[in-house]
Amino acid sequence: MVNFIINGSVPTVMFLGILFAFFATCFCTAKFHPLLPKDIGRDFAHDGKLSAGKPRGAGFIFILVFAASGLIFARLSGELVIYIILVVAAMMMGFLDDASKVPWGEYKKGFLDFVIAAMVAVTFLNYNSNKVEIMLTGTTITIPAILFGILTVILVWASINVTNCSDGVDGLSGTLTLVTIISIYIIDIIKGKNDDFSYLILLFAVCILGYLWFNATPSKLMMGDAGSRAMGLFISIAVLKTGSPFLYLLVALVLILDGGLGLLKVSLLRFLKIRILKNVRTPLHDHVRKVWGWSNTQTVFRFTIIQIVISMAAVYLVIMRMI
């Protein structure tokens, strides 16, 4: 860790770290993507078969670059090291699923997500307060530790899975994740929380940008579960660190609606035999392409525009509460 070796946080070093993360992602992706497993196409997704044969699991590359960049350039506490390890663990679980000839079952992946979510909850409570700021009212409440832990597990598990379900159009989940975490970074700065984790947000963002260089329509490769599950985990940790976790509902709203409605629809039908959204295809990115006739590019741009507008409103809300 360069900052500790030279005894202090030096802006030049951190600047170089951001450049390193981006260019290392681009270089490693270009060099090693032929070694990634190949996608077999998706039977039920709109145009799902068009992805057959493309390298998938690119999250393996950009998440490892993020982890290496954080370990080299960031000022890391024990808490942040644990978070990096958990992000890598989520990536590895997704990558093993990407590389498996027989896809892992939903219950197996759901259980592993629960384990990671529980570890995040324990880690966060060990290093942080269980006080939560409600930005809409400007009040702060203290949630009992056990309840806070349960809610954290729900947040992390949901974030992993809605982000994963939104990964179905070239550049969509990566771009939405980028908007979400940059919104969180801006909120952190406004709230005066320009801490070591905020720097990790920037490193994570530029690694996504390095991946998107190759994933823009028409894509050369796909992130797979290796990328989407790790991104969902990182989003949940980032919003927890703001001290205002309910902001997740705003800064990640498009991800929630795109991926979450499908999870809700399937869960209600499977466990309670309740049918909802009968005339709506899920994820929503399939509905707008199949039913409304949007192109992939229109889907990415319009979903991103919607999230930017909502995030700008959320940032404005935070600014008004800080005045």
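Is Ser198 buried or exposed, and what is its relative accessibility? In this predicted model, Ser198 has a relative accessibility of 0% and counts as buried, because the limit for a buried residue is under 20%.

Figure 1. Ser198 belongs to helix H8, which covers residues 196–215. A polar atom of the Ser198 side chain is placed 2.9 Å from the backbone oxygen of Lys193. The Ser198 side chain also forms a polar contact of 3.1 Å with the side chain of Asp195. When residues up to four places away in sequence are left out, Ser198 touches Tyr185, Asp188 and Lys193.

**Figure 2. The ring pair of Phe20 and Phe73.** Two numbers describe a pair of aromatic rings: the distance of the centres and the angle of the planes. The model holds 12 aromatic pairs. In one of them, Phe20 and Phe73, the ring centres are 5.4 Å apart and the planes meet at 50°, so the pair is tilted. This pair links distant parts of the chain, since Phe20 lies in helix H2 (residues 11–32) and Phe73 in helix H3 (residues 59–73), 53 residues apart. Phe20 is partly exposed, with a relative accessible area of 35%, whereas Phe73 counts as buried at 12% relative accessibility.

**Figure 3. The ring pair of Phe22 and Phe23.** Phe22 and Phe23 form an edge-to-face aromatic pair, with 5.1 Å from centre to centre and 75° between the planes. Phe23 counts as exposed, at 52% relative accessibility.

**Figure 4. Helix H2 along its length.** Helix H2 has 22 residues, which at 1.5 Å a residue should span 32 Å; the C-alpha atoms at its ends are 31 Å apart, in agreement with that expectation. The buried residues of H2 include Val13, Met14, Gly17 and Ala21. Further along H2, Ala24, Thr25, Cys26, Cys28 and Thr29 are buried as well. In an α-helix there are 3.6 residues a turn, so residues three or four places apart point the same way.

**Figure 5. An aromatic cluster.** Phe66, Tyr83, Phe197, Phe204 and Phe234 are linked into a cluster by ring pairs.

**Figure 6. Charged side chains over tryptophan rings.** Lys108 is positioned over the face of Trp104, 4.1 Å from the ring centre.

Conventions
Residues are numbered from 1 along each chain as its sequence is written. This is a predicted model: local features need pLDDT of at least 70, side-chain atom pairs count only at pLDDT 80 or more; totals for chains, interfaces and linings use all residues. Side-chain values use heavy atoms; hydrogens and water are left out. Helices (H or I, at least four residues) and strands (E, at least two) are DSSP runs, numbered from the N terminus. Buried means under 20% relative accessible area, exposed over 50%, partly exposed in between (1.4 Å probe, protein chains only). A polar contact is a pair of N or O atoms within 3.5 Å; within protein, one must be able to donate a hydrogen and the other to accept it, and residues adjacent in sequence count only if both atoms are side-chain atoms. Contact means heavy atoms within 4.5 Å. Rings of Phe, Tyr and Trp (its six-membered ring) pair if their centres lie within 6.5 Å; planes under 30 degrees apart count as stacked, over 60 as edge-to-face and the rest as tilted. A charge sits over a ring if NZ of Lys or CZ of Arg is within 6 Å of the ring centre and within 35 degrees of the ring normal. The expected span of a helix is 1.5 Å times one less than its number of residues.
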